[in-house]
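Please examine the structure shown below.

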Amino acid sequence: MTPRFADIAPATPDRDGLAQRYAALHARLDRGDRTAALADWDTLRREYDTWSALVHLRFAQDTTDPAAKQARDYADALAPEATELEVGMKRRLLADQTAVAAIVGAHAVRLWESDVTTFDPAIKPDLEEEAKLGARYTELLAGAKIPFRGETLNLSGLGPYAESPDRATRHDAEQARWSFFAENAAELDQLFDALVRVRHRMARTLGLPDYTPLGYRRLRRVDYGPADVARYRAQVQAHVVPLVARELEARRAIHGWDRLRFWDEALIDPAGNPAPIGGHDELVAAAQTMFDRLHPALGRFYAMMRDGGLLDLKNRPGKAGGGFCTSFPSAGVPFIFANFNGTQADVGVFTHEMGHAFQNWESRHQPNVDYLWPTMESAEIHSMSLEFLTYPEIGLLVGDAAAERFRRMHLIGDLAFLPYGVCVDHFQHAVYAAPDATPADRHRMWQTLERQYMPWTDYGDLAYPAMGGRWQAKPHIYGSPFYYIDYTLALCCAMQFWVRARRDPSAAMETYVALCARGGSAPFQDLVRSAGLVSPFADGALADVVTEAAAVLGI
Ligand SMILES: [Zn+2]
């Protein structure tokens, strides 16, 4: 029977209990009982990950609940201790690589080789500080109470106004949004400055020149490095930036605007971005029909998520922003978190987060916990590809009359995302290469890169982003360094799925389901090739999709 969310109640671990269990594992290894020790260790990690995921989810569900906050602080303090024990076990196992690889697979061994270089007991206090700073940023943004036309909104609640068909409304929503960031500028600068310093210090303690190689290793990137990523950014600049510039110019002309301002970029469809057919309950029901039609395995899985209470999709005061998918590996189920606000972004939850969740579920039979999730650039292929694969049935969520407009809007939005995404990545490379830069320097770095990748950006009278502050609204820059490029790498792959699905939708869907089941059993480029896709690091990876997109959009 599938577990229900309400029944997931893992015991709270503590340092001594964990140390005892690890001591028992080492004793088993001393006796030469390697297979049993590995199985027990896998169980232990699943239990720990389940507890940690649940604590972080509870905090996100209500950042104002003192008990949830306290539990998160406890988990953040315990995490470095658990990592130390885990790294100790990995080091020991790596001493006998061949025998261990025969049990857990060669890829797990490669991941652990990377993991053990990212930790030393000397960085434990820094890890805890980093987690605290990240939690404070989440709390600060979640607590936004923004006055807007007689209402008090949080950042997510401003979303519908920021893409309103009415130009003045869009402008005012952006004005209100950036006022919040301007009011909190000092703390936003201070938090990021502290994060850069603590990350740089950890890298130096671990014997690395700066944070960048550590950032890559923490993301378990075992098959590519910063030079590959730089080549990919150059491809985006060469192929995608000109296409996006043409699309924006076409939109400006259709609307008859003298200039396309920043607040105009979110209104992609001249008739108004297609909105979902209804609120939470209607969407949850309609998505069932959509997934049933797309693939029987998807339909069954989604029904299980609904029945098990594994969805939390409504926007509430105090709830952390954004959407994500997490999982409880000892129970074997994922969980989807989101903040519905009545815009097309709600549709994305069913197509994007469900892609993550479905992959995690399809991978549940993978032999060890390292393979339940792939590295994040691969995980985002599962989520972003499902956004494209649902195109034929998307009328169920936005209405048949708006389906074609939705697809066009989504495609344009994704293309426009690529320059922004690589800009966020390039910025982080610049930031961690210059750890002594001042907050003002960083704002200038952002401005320079923004001009390179998004030369069309015109902030008008929005003073805060005009002085280089836009990046502070991007949680990944604070909480998940170097993660952001993963969306753009995955999008390059997802758009290849889109091109294939236009020729043969059912074959594309079967390839997708098979890729999901492979989970994290191989590194990024191996997974990509196993699905017959071109690696984003290969020359010309974007050429075909950009040609196809230009033809479809008529630009
Ligand atoms: Zn995602």
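Helix 6 itself covers residues 124-142, and its 19 residues reach 27 Å from the first C-alpha to the last, close to the 27 Å expected at 1.5 Å a residue. The model described here is a predicted one.

Helix 3 (residues 66-94) also packs with helix 2 (residues 34-61): their axes come within 9 Å and cross at roughly 155°. Because of this angle, helix 2 is roughly antiparallel to helix 3. The crossing is left-handed. On the side of helix 2, the contact is formed by Trp 41, Tyr 48, Ser 52, Val 55, His 56, Arg 58 and Phe 59. These residues meet Ala 68, Lys 69, Ala 71, Arg 72, Ala 75, Ala 82 and Met 89 in helix 3. By class, the contact of helix 2 with helix 3 comprises nine nonpolar, two polar and three charged residues.

A second pair is formed by helix 11 (residues 226-255) and helix 17 (residues 403-433), which pack at an angle of about 140° with their axes 9 Å apart. Helix 11 is therefore oblique to helix 17. Here too the crossing is left-handed. Helix 11 contributes Pro 226, Val 229, Arg 233, Val 236, Val 240, Val 241, Leu 243, Val 244 and Glu 247 to the contact. Their counterparts in helix 17 are Ile 412, Leu 415, Ala 416, Leu 418, Pro 419, Val 422, Asp 425, His 426 and His 429. Sorted by class, the contact of helix 11 with helix 17 has 13 nonpolar, two polar and three charged residues.

Helix 15 (residues 376-389) has 14 residues and reaches 20 Å between its first and last C-alpha, close to the 20 Å expected at 1.5 Å a residue. Since 14 of the 14 residues of helix 15 are buried, this helix is largely enclosed by the rest of the structure.

Arg 220, in the loop between helix 10 (211-218) and helix 11, has a positive phi of about 60° although it is not a glycine. Arg 220 is buried, because 20 other C-beta atoms lie within 10 Å. Arg 149 lies in the loop between strand 1 (146-148) and strand 2 (151-153). Arg 149 is likewise not a glycine, yet has a positive phi, of about 45°. With 10 C-beta neighbours inside 10 Å, however, Arg 149 counts as exposed.

Note on methods. Residues numbered from 1 in each chain as written. Predicted model: local features only at pLDDT ≥ 70, side-chain atom pairs only at ≥ 80, totals over all residues. Helix = DSSP H or I, 4+ residues; strand = E, 2+ residues; numbered from the N terminus. Expected span 1.5 Å × (residues − 1). Buried ≥ 20, exposed ≤ 12 C-beta atoms within 10 Å, placed from the backbone. Axes fitted to C-alpha atoms, helices over the stretch in contact; angles between N-to-C directions. Parallel < 35°, antiparallel > 145°, perpendicular 65-115°, else oblique. Left-handed = near helix turned anticlockwise from the far one by under 90°. Contact = placed C-beta atoms within 7 Å. Nonpolar A, V, L, I, M, F, W, Y, C, P; charged D, E, K, R; others polar.
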